[in-house]
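Notebook open, structure loaded. I'll jot down what I look up as I go.

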Amino acid sequence: MTTPAATLHLTEQWEQNPDRTFVWVVADSDAAYRLWQNVTFFATHKLLQRLAFFPLQDGLPYSGITNQSDTTAQTIQLLDRLARKEPL
């Protein structure tokens, strides 16, 4: 679990190294949501523009269950940003 203090430290590191991309991996969607809340509290507006969230997929491959359109759109948007090598 990422505590607010740990998130503050990571956010400070991100601000001090603006040319680097930081990836935070968490265990589940609840932890991702808490991390998102903490980062949006501590980060500057400039960093918030770079913040991206890779959503949890709704369906499993080959299960016949498809993702919701907003989940798919968010995933494609993030992959496009990565392909264009935008700083995240």
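Predicted model: local features only at pLDDT ≥ 70, side-chain atom pairs only at ≥ 80, totals over all residues.

Next I looked down the axis of helix 4. I noted them down as Thr 71, Thr 75, Leu 78 and Arg 81. On the other side I found Ser 69, Ile 76, Gln 77 and Ala 83 exposed. I also looked up what covers the buried residues of helix 4, and helix 3 is included in that cover. Just after helix 4, I marked Lys 85 for its positive phi of about 60°.

Then Phe 53. Which element holds it, or which loop? I placed Phe 53 in the loop between helix 3 (45–50) and helix 4 (69–83). Phe 53 comes out at a relative accessible area of 28%, so I have it down as partly exposed, since buried would need under 20% and exposed over 50%. Setting aside neighbours within four places in sequence, I listed the contacts of Phe 53 as Ala 32, Trp 36, Gln 74 and Leu 78. I checked the Leu 78 pair separately: Phe 53 and Leu 78 are 25 residues apart in sequence, and 7.5 Å apart in space, C-alpha to C-alpha.

Phe 53 turned up again when I went through the pockets. I get about 660 Å³ for the volume of the largest pocket. It has 24 lining residues, and the closest to its centre are Val 23, Trp 24, Ala 52, Phe 53 and Phe 54. Which helix gives the most to this lining? I have helix 2 there, with five residues. Helix 4 is also on my list, as helix 2 and helix 4 each supply at least two lining residues.

While on helix 2 (residues 29–42), I looked up Asn 38, which is found in it. Asn 38 has 17% relative accessibility, so I count it as buried. Beyond its neighbours within four places in sequence, I see Asn 38 in contact with Thr 2, Thr 3, Pro 4 and Thr 7.

Last entry, the core. I wrote down six residues for the largest nonpolar core: Trp 14, Leu 35, Val 39, Ala 43, Leu 47 and Leu 51. I picked out Leu 47 and, leaving out residues up to four places away in sequence, found that it touches Thr 11, Trp 14 and Glu 15.

Key
Residues numbered from 1 in each chain as written. Heavy atoms only, no water. Core = buried A, V, L, I, M, F, W, Y, C linked by side-chain atoms within 4.5 Å. Buried < 20%, exposed > 50% of the residue type's maximum accessible area, 1.4 Å probe, protein only. Contact = heavy atoms within 4.5 Å. Helix = DSSP H or I, 4+ residues; strand = E, 2+ residues; numbered from the N terminus. 1 Å grid on protein atoms, 1.4 Å probe; cavity = no way out; pocket = protein on both sides within 12 Å on 5 of 7 lines; lining within 4 Å. Points joined across faces, edges and corners; volume = space filled by probe spheres on them.
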